[in-house]
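Let's take a friendly walk through a protein chain together. Have a look at the picture first, and then we can go through its parts one by one.

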Amino acid sequence: MPGQRVLIVEDEENLLQALKYNFQREGYQVLTAADGEQGLASARETSPDLVILDVMLPKLDGFEVCRILRRETNVPILVLTAKGEEVDRVVGLELGADDYVTKPFSMRELLARARAMLRRSRMASEASPSPRGELLKAGDIEIDLTSHTARLGRTSLELKPREFDLLALLVANKGRAFTRDQVLERLWGHDYVGDARTVDVHIRWLREKVEADPGRPKRIITIRGVGYRFEA
Ligand code: CA
């Protein structure tokens, strides 16, 4: 959304300017920093809506900046990595970056990712007027509404926004049965024109991610003739 603030931390001047130009052209307010220390200071000072963070930076590298920021805030962080091997560290729980692109990247792709992250975080903050840091738990499933992340045991779940909302709805009301229409209304809104099979499709996708055997679900239970329930 135009007007949202994007902090870009990148020491290659040409790339920094190119990024700045492109984000500004999309209507974002752009803040820049050319090293890790400056980046961290700027993030603390300005509370941006998104941080684009290079890994190889003078003074404080992107790994450190990411680790520190993640402890202090839930701002979405998109990391620019130079090597494929860095990716595991970047997206791992260790650092908690939300997404990454590998250099050289296409500006179009980067902008698309950034837009998606900004949209997600805005939706998350609008959808959950809950206190910061609220956790939903059911067995070994843990959902963090503030950071919009979900985990199954120690594994982080890669959920699309609707899947996340659906899982959060079911887990927050575990043991309670929902009809398809109720789910549609909660997640898609009153004016959604579509049919209840949309819910079934999302349930199926979600089961593939949270059930040991999606064909014989133990967590998200079908209640014949009614709908679904998350097993308490
Ligand atoms: Ca660099």
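## The chain as a whole

Among contacts in the chain between residues at least 6 apart in sequence, what percentage join residues at least 24 apart? The answer is 54%, where contact means heavy atoms within 4.5 Å.

This is a predicted model, in which local features need pLDDT of at least 70 and side-chain atom pairs count only at pLDDT 80 or more, while totals for chains, interfaces and linings use all residues. Residues are numbered from 1 along each chain as its sequence is written, and side-chain values use heavy atoms, with hydrogens and water left out.

The chain has 8 helices and 12 strands; these are DSSP runs numbered from the N terminus, with helices (H or I) of at least four residues and strands (E) of at least two. Of its 232 residues, 42% count as buried, meaning under 20% relative accessible area with a 1.4 Å probe, protein chains only.

## A parallel sheet

Strands of a sheet pair through backbone hydrogen bonds, either parallel or antiparallel. Here, 5 strands make an open sheet with parallel pairing, in the order β2-β1-β3-β4-β5; two strands pair if DSSP finds at least two bridges between them. Because β2 (29-33) and β5 (99-102) stand at the edges with a single partner strand each, one side of each has no neighbour in the sheet. From one strand to the next, the twist averages 20°.

Now zoom in on β1 (residues 5-9), which is joined to β2 by 5 bridges. Leu7 stands opposite Leu31 in β2. Helix α1 (residues 13-25) packs on the sheet and touches β1, β2, β3 (50-54) and β4 (77-81). The direction of α1 makes about 165° with that of β2; angles run from 0 to 180 degrees between N-to-C directions, and axes are lines fitted to C-alpha atoms, for helices over the stretch in contact. Helix α3 (residues 62-72) also packs on the sheet, touching β3 and β4.

## Two pairs of helices

How do α2 (residues 36-46) and α3 cross? Their axes come within 10 Å and cross at roughly 15°. That makes α2 roughly parallel to α3, since angles under 35 degrees count as roughly parallel, over 145 as roughly antiparallel, 65 to 115 as roughly perpendicular and the rest as oblique. Residues that meet here include Leu40 in α2 and Ile68 in α3.

Helices α6 (residues 161-172) and α7 (residues 180-188) pack at about 120°, with axes 10 Å apart, and are therefore oblique to each other.

Technical notes: Buried means under 20% relative accessible area, exposed over 50%, partly exposed in between (1.4 Å probe, protein chains only).
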